Amino acid sequence: MTKFSSFSLFFLIAGACMTPECFNMEIIGGSEVSPHSRPFMASIQYGGNHICGGILIHPQWVLTAAHCRARFAKGKSPKVVLGAHSLSKNEASKQTFDIKKFIPFSRFKPDLELNDIMLVKLHMAAKLDKNVQLIRLRSKDYIRSGTKCQVTGWGTNDPEFYRPSDTLQEVTVTVISRKLCNSQRYYNHKPIITKDMLCAGDARGQKDSCQGDSGGPLVCKGVLFAIVSGGHKCGNAKKPGIYTLLTKKYQDWIKSKLAPSHTN
C-alpha cells in the first residue's frame, strides 16, 4: 500500500487515536510554520476531515494530486479550505469552498503513480488577501540532485495512526537523482521514477512527507517545483517521497484548462 492511497483506512484508524501524543503529529522531522506564512496552501477536506493538501494557483483553481479523488464516497461533498493554519480552530482568515469540478490529468495511472496531478475548480473565486495568495508557476524540467527543498502540509508523522497535524508543518528534504532513486538501493523501478517525477528525502530517513501531505507543494529556492504524490512507508531513507515534477508538459496542460474557453 502506498503511503498516500488508503483514505478510508485513514479515517477509520484516526478515530481510534485519542492519546495526547496523537494531537501533535506533523510532517516527519518538520516544524510548525509561522501562521499564514504559506498563504497559497489549501486543505482538501471530506466530511470535515483533512484528506489532502493543495496549492492555490488561480483565484478559482487549486492544484493537487489526482489520487486524492479516489476515496470520495457518495453522500458527502468535499470542500476546499483556504487561509487556514489550524484545522480545528475557527480562524477568521478561513475561506471554505464547494468543489465545482475535478480535472485529473488524462493519462493518470494510479497503479504506476504516473501523471499524479489534478486541478480542482472552486464554486467561486477566492478573495485574495494577506492570508490567501496565489503561488506562481514556473516551468522547470530539471532540478539538480542534492538541492534542498521545503515540503509543507498538515500530514501525519505517525503512519500507524494516520491522524493529520492540527497546524501547518514544513520540513526540508533533499532531492535524490532519478538514476539513484530507480536503483536497487531505492525503488528498483517499482515504481519507475520517470522524467516527470522526482524523489526527495533524507539520508537518515528522519525527514519526509506522509499521509495527508499529498497534493502539497515542494518548493526549492523559492520556486514551486513539484507536488507531493506518494512513496512507500514514511520516514524510510530507502523509500523517499515521490513527487510530480511540474514540467512544461504539465504547465501547458494547466494553462489550457485555465483558459477562458475551458473554465465553465
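**View 1. Ile103 and Leu119 face each other across a strand pair.** In this predicted model, Ile103 stands opposite Leu119, a residue of strand S7. Another pair to look for here is Phe102, which is placed opposite Val120 of S7. The strands behind this view are S6 and S7 (residues 118-122), joined in the antiparallel sense over five bridges.

**View 2. Strand S4 also pairs with S7.** Here you can follow S4 (residues 61-64) as it runs antiparallel to S7, with four bridges between the two strands. Leu119 of S7 turns up again in this view, this time with Leu63 standing opposite.

**View 3. S7 is covered on both faces.** Which residues of S7 are buried on each side? Met118, Val120 and Leu122 lie on one side, Leu119 and Lys121 on the other, and all are buried. Because five of the five residues of S7 are buried, the strand is largely enclosed by the rest of the structure.

**View 4. S5 and S6 form an antiparallel pair.** Moving to the other strand pair that involves S6, we find S5 and S6 linked over four bridges in the antiparallel sense. Leu82 has Gln95 as its bridge partner in S6. The loop between S5 (79-82) and S6 (95-104) holds Ser86, the subject of the next two views.

View 5. Is Ser86 buried or exposed? Its relative accessible area is 2%, under the 20% cut-off, so Ser86 counts as buried. Beyond its neighbours within four places in sequence, Ser86 makes contact with Glu91, Lys94, Asp166 and Thr167. Pro35 is 51 residues away from Ser86 in sequence, yet their C-alpha atoms are 8.4 Å apart in space.

**View 6. The Ser86 side chain has two polar partners to inspect.** With Asp166, the link runs from side chain to side chain: a polar contact of 2.8 Å. With Ser88, the Ser86 side chain reaches the backbone nitrogen at 3.3 Å.

**View 7. Stepping back to the whole chain.** Among contacts with a separation of 6 or more, 73% come from residues 24 or more positions apart. The accessible surface of the chain is about 12100 Å², with 52% of that area belonging to carbon and sulfur atoms.

Technical notes
Residues numbered from 1 in each chain as written. Predicted model: local features only at pLDDT ≥ 70, side-chain atom pairs only at ≥ 80, totals over all residues. Heavy atoms only, no water. Buried < 20%, exposed > 50% of the residue type's maximum accessible area, 1.4 Å probe, protein only. Contact = heavy atoms within 4.5 Å. Polar contact = N/O pair within 3.5 Å; in protein donor to acceptor, adjacent residues only side chain to side chain. Pairing = 2+ DSSP bridges. Areas by Shrake-Rupley, 256 points an atom, 1.4 Å probe, with all protein chains shown as cover.
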